[in-house]
Amino acid sequence: MRAIDTNVLVRLLVRDDHRQLEAAEKFVSKGAWVSHIVLVETLWVLDAVYERSGEQIASAVQMLIAHADLTLQDADVVASALVCFRAQPTLGFSDCLLVEIARKAGHLPLGTFDRRLAKLEGVQRL
């Protein structure tokens with residue numbers, strides 16, 4: 001299966017450049033894999049560049065999980081991170097994803113100095 005870069009995923013979500021959107025849709029129509037790195041970078045772009053709200057970001061993640069042509073790396077982990085993010089919108093999605101990756105790998109507790117992150121189950125404030 002092919003993989004896509006951040007700028008391709010941004011085009012699919014934002015749909016602000018018709019030519020690039022067509023190319024992105026054509027490329028992913030045969031199936032495409034989205035890594036955690038690309039997902040997190042994309043969500044950062046939605047937040048920092050396009051000023052999307054937490055709910056809009058959560059909706060984008062939900063759409064990607066359900067997308068017929070995209071396969072997210074560890075989609076179950078991404079779905080768990082989405083539940084966390086919706087419950088704790090003051091955290092970034094990447095924080096929630098980090099905890100869920102560590103949980104799946106069996107590497108808890110996750111140590112942090114972040115007070116908000118430390119409130120999550122499986123996280124230890126240092």
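This is a predicted model: local features need pLDDT of at least 70, side-chain atom pairs count only at pLDDT 80 or more; totals for chains, interfaces and linings use all residues.
Residues are numbered from 1 along each chain as its sequence is written, and side-chain values use heavy atoms, leaving out hydrogens and water.

Now for the layout. The protein has six helices and five strands, which are DSSP runs numbered from the N terminus (helices: H or I, at least four residues; strands: E, at least two). Follow the chain and you read β-α-α-β-α-α-β-α-α-β-β.

On to the inside. Of the 126 residues, 38% are buried, meaning under 20% relative accessible area with a 1.4 Å probe, protein chains only. The largest nonpolar core holds 39 residues, and Ile4, Leu9, Leu12, Val34, Leu70 and Phe93 have the most contacts inside it. Such a core is a set of buried Ala, Val, Leu, Ile, Met, Phe, Trp, Tyr and Cys residues joined through side-chain atoms within 4.5 Å. Among the elements giving it two or more residues are helix H1 (6-14), strand E2 (32-34), strand E3 (70-72) and helix H5 (75-87); H5 gives the largest share, six residues.

Take Ile4 as a way in. Beyond its neighbours within four places in sequence, Ile4 is in contact (heavy atoms within 4.5 Å) with Leu9, Leu12, Phe27, Val28, Ala32, Trp33, Val34, Val38 and Leu70.

Conventions
Buried means under 20% relative accessible area, exposed over 50%, partly exposed in between (1.4 Å probe, protein chains only).
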